[in-house]
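Dear colleague,

I am passing a structure on to you, with the sequence and coordinates placed just below. After them you will find my notes on what came out of the analysis.

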Amino acid sequence: MIRMEIALLLVLLFVAFNYFTAWKKQTPLHATFAVLLVTAIYHVALDGISVYTVARLDTIPLWINDLVHRFFIGTMILVVYLFYQYISTLVEDETGKPSPRLNAFARIYLMMA
């Protein structure tokens, strides 16, 4: 399991390296994708750490395991919100119509979570 986490992290780091070194015009869509990419990298790293801590509960203190899992769940909620925000921004760019009502529901979801 940890090998899969490492492989996914390497792929995301490769994508991030290519994305951040490429020249691009900064738009709201690009800004959302950049935040989503960094958050996903952080989330996958926390997933690998949580897998490691669960497998070694006899040597790792329980409070560290709980703390890592809380951060992991928090970034999961943030990643879901950012995926929605990215898709919403993409649809707004293509159609030219903003959707403030749906964005308000997404922000309420984020605040409740």
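**Contacts and cores**

Once its neighbours within four places in sequence are set aside, Ile41 is in contact with Leu9, Leu12, Leu13 and Ala16. Please keep in mind, here and below, that this is a predicted model.

Ile41 also belongs to the largest nonpolar core, whose eight residues are Leu12, Ala16, Tyr19, Ala34, Leu37, Ala40, Ile41 and Val44. The elements that supply two or more residues to this core are α1 (2-21) and α2 (28-55), and α2 gives the largest share, with five residues. There is also a second, separate core of five residues, among them Leu36, Val79, Leu82 and Ala106.

As for the chain as a whole, its secondary structure consists of four helices and zero strands, so that the order of elements from the N terminus reads α-α-α-α. The radius of gyration is 17 Å, whereas a compact globule of 113 residues would have one near 13 Å, and the C-alpha atoms fill a box of roughly 55 × 35 × 15 Å along the principal axes.

Of the contacts with a separation of 6 or more, 64% are accounted for by residues 24 or more positions apart. Of the 113 residues, 29% count as buried, while the accessible surface comes to about 8000 Å², with 73% of that belonging to carbon and sulfur atoms.

With best regards

Technical notes: Residues numbered from 1 in each chain as written. Predicted model: local features only at pLDDT ≥ 70, side-chain atom pairs only at ≥ 80, totals over all residues. Heavy atoms only, no water. Rg over C-alpha atoms; globule rule 2.2 N^0.38 Å. Buried < 20%, exposed > 50% of the residue type's maximum accessible area, 1.4 Å probe, protein only. Contact = heavy atoms within 4.5 Å. Areas by Shrake-Rupley, 256 points an atom, 1.4 Å probe, with all protein chains shown as cover. Core = buried A, V, L, I, M, F, W, Y, C linked by side-chain atoms within 4.5 Å.
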